[in-house]
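Subject: Structure for your study

Dear colleague,

Please find below the structure that I promised to pass on to you.

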Amino acid sequence: MTRDLRSVGIVGTGSYAPSRVLTNFDLEKMVDTSDEWIRTRTGIVERRIADPDVATSTLALAAAHAALESACVKPEDLDLIVVATVTPDMFFPCTASILQQSLGAAGATAFDILVGCTGFVYGLAAAGALLATGPYDRALVIGAETLSKITDWQDRSSCVLFGDAAGAAVLAPVADGRGILSYSLGNDGANADALKIPAGGSRMPSSEETVANRLHYLIMNGPEIFKFAVRSMAESSVEAVSRAGLSMSDIDIVIPHQANLRIIEAAAKRLNIPYDRFVGNLDRYGNTSAASIPLALDEVVRQRRIHPGNHLLLCSFGAGLSWGTMVLRW
Ligand code: ACO
């Protein structure tokens with residue numbers, strides 16, 4: 001069975017972040033760090049932290065409700081739910097399945113994507129392809145994380161970076177020439193060790209020893225990721241923009257993964273895109289991994305900063321090490 005490819009775009013957005021705020025000054029009391037170091041080295045001022053009894057699907061549910069409301073779509077009309085996360089509620093079933101039940105979207109196919117911070121863009125690409133070819137008509141793509149649960153709060157080199165949040169987008173067929181125009185997805189498995197949780201999987205199952213050695217927490221090689229991030233964001237943006245038949249001057253708004261202000265500034269310089277076209281909220285939320293791009297997207301949508309016909313560049317990097325960049329016409 002063949003079907004003509006349809007244009008697919010974002011028809012609604014939503015987001016949610018827990019109310020509890022953890023400031024740089026709070027962190028000064030927990031590890032050997034300072035507000036000055038965190039602000040100047042990362043751009044982060046504060047982040048949100050979920051309560052201990054809150055799971056990733058709880059944040060995802062709130063973001064999903066907001067996105068569905070803005071798209072005027074009912075949960076029962078969803079055909080597909082994709083959740084991008086590195087902090088699933090549990091190993092399995094997938095968080096999308098748990099969300100399908102809590103949302104009341106019984107008719108939706110549901111699966112997770114585990115590509116770290118790049119997951120939301122991968123989710124848009126995967127759901128977009130399934131909608132473009134059919135048989136699905138309405139998809140919910142969510143990036144949701146409770147990174148506070150996998151953060152080693154004794155490790156100053158990583159614990160100052162992360163926060164909890166969720167962001168969601170509803171995808172549906174749109175007018176020809178609108179929506180997703182192109183993307184560049186990729187992975188460098190040679191650098192897989194740069195960002196990982198070593199224990200708890202089949203390679204190193206959980207044991208008293210792995211817990212004692214704090215191997216269930218995220219570890220990372222910050223400087224290595226920094227270099228990769230700047231390079232991959234710049235190269236994949238050039239590729240995606242060219243695949244869309246556009247040039248950098250056509251890009252109205254860039255939403256980069258919110259990991260480090262210095263990474264964003266360096267990528268902007270390489271791409272020669274004026275910095276005022278970059279949007280974000282890193283100062284207030286820190287790095288929320290797969291939630292970071294949809295959280296920032298929802299913010300600019302609600303501020304009415306995106307207008308019909310605008311070209312958006314979503315630009316992410318993350319565990320893998322992976323990259324995912326997408327161009328959309330709003
Ligand atoms: N407070 C004070 N000092 C610190 C802290 C801290 N929180 N963390 C590290 N330092 C110290 C180091 O110990 C080091 O001290 P030394 O020179 O005496 O050895 C010094 O600061 C410099 O450390 P670097 O690691 O070289 O600092 P850098 O400028 O590279 O900044 C950072 C570190 C912020 C982690 C940066 O490399 C970065 O942002 N990398 C990317 C990280 C990232 O994006 N990770 C996640 C990506 S994927 C995902 O989002 C899940």
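The model is a predicted one, in which local features need pLDDT of at least 70 and side-chain atom pairs count only at pLDDT 80 or more, while totals for chains, interfaces and linings use all residues. Residues are numbered from 1 along each chain as its sequence is written, and side-chain values use heavy atoms, with hydrogens and water left out.

**The nonpolar cores**

A nonpolar core is a set of buried Ala, Val, Leu, Ile, Met, Phe, Trp, Tyr and Cys residues joined through side-chain atoms within 4.5 Å. Buried means under 20% relative accessible area, exposed means over 50%, and partly exposed lies in between (1.4 Å probe, protein chains only). In soluble globular proteins, nonpolar side chains tend to be buried together.

The largest nonpolar core here has 32 residues, and those that touch the most other members are Leu124, Leu171, Ile255, Leu312 and Leu314. Its main contributor is helix H5 (residues 119–133), which gives eight residues. Helices (H or I, at least four residues) and strands (E, at least two) are DSSP runs, numbered from the N terminus. There is also a second, separate core of 27 residues, and Cys159, Leu161, Leu195 and Cys315 are among them.

Contact means heavy atoms within 4.5 Å. Not counting residues up to four places away in sequence, Leu312 touches Ile253, Ile255, Leu297, Ile306, Met326, Val327, Leu328 and Trp330. Leu171 lies in strand E7 (residues 164–173) and is buried, with a relative accessible area of 0%. Leaving aside neighbours within four places in sequence, the contacts of Leu171 include Val8, Ile10, Leu124, Leu131 and Val141. Leu171 and Val8 are 163 residues apart in sequence, but their C-alpha atoms are 6.6 Å apart in space.

An α-helix has 3.6 residues a turn, so residues three or four places apart point the same way.

In helix H4 (residues 95–103), the buried residues are Thr95, Ala96, Leu99, Gln100 and Leu103. They cover an arc of only 145° around the axis (the arc is that of the directions from the helix axis to the C-beta atoms), which puts them on the same side of H4. These buried residues pack against H3, E4, strand E5 (109–113) and E6. Gly104 follows H4 and has a positive phi, near 80°.

In helix H9 (residues 261–271), Ile263, Ile264, Ala267, Ala268 and Leu271 are buried. Down the axis of H9, these residues fall within an arc of 130°, so they line one face of the helix. Lys269 and Arg270, on the other side of H9, are exposed. The cover over the buried residues of H9 includes helix H8 (222–243), strand E11 (253–256) and E12. At the start of H9, a side-chain oxygen of Asn260 reaches to within 2.8 Å of the backbone nitrogen of Arg262. Just after H9, Asn272 takes a positive phi of about 60°.

**The ligand**

Which residues are the closest to the ligand? They are Thr33, Arg41, Cys117, Asn260 and Asn287, out of 23 residues that surround the ligand (each with a heavy atom within 4 Å of it). A nitrogen atom of the ligand is 2.7 Å from an N or O atom in the side chain of Thr33. For Asn260, a side-chain N or O atom is 2.7 Å from an oxygen atom of the ligand; for His257, the corresponding distance to an oxygen atom of the ligand is 3.2 Å. Taken alone the ligand exposes 1,000 Å², and the protein buries 73% of that (Shrake-Rupley method, 1.4 Å probe).

**Details of the backbone**

A cis peptide bond joins Gly134 and Pro135, with omega about 10°. Pro135 is found in the loop between H5 and strand E6 (139–146). Another cis peptide bond joins Gly320 and Leu321, with omega about -10°. Leu321 is in the loop between strand E12 (311–318) and strand E13 (322–329).

Cys72 has a positive phi of about 55° although it is not a glycine. Cys72 is found in the loop between helix H3 (56–71) and strand E4 (80–84), and is exposed, with a relative accessible area of 73%.

With kind regards

How values were computed. Polar contact = N/O pair within 3.5 Å; in protein donor to acceptor, adjacent residues only side chain to side chain.
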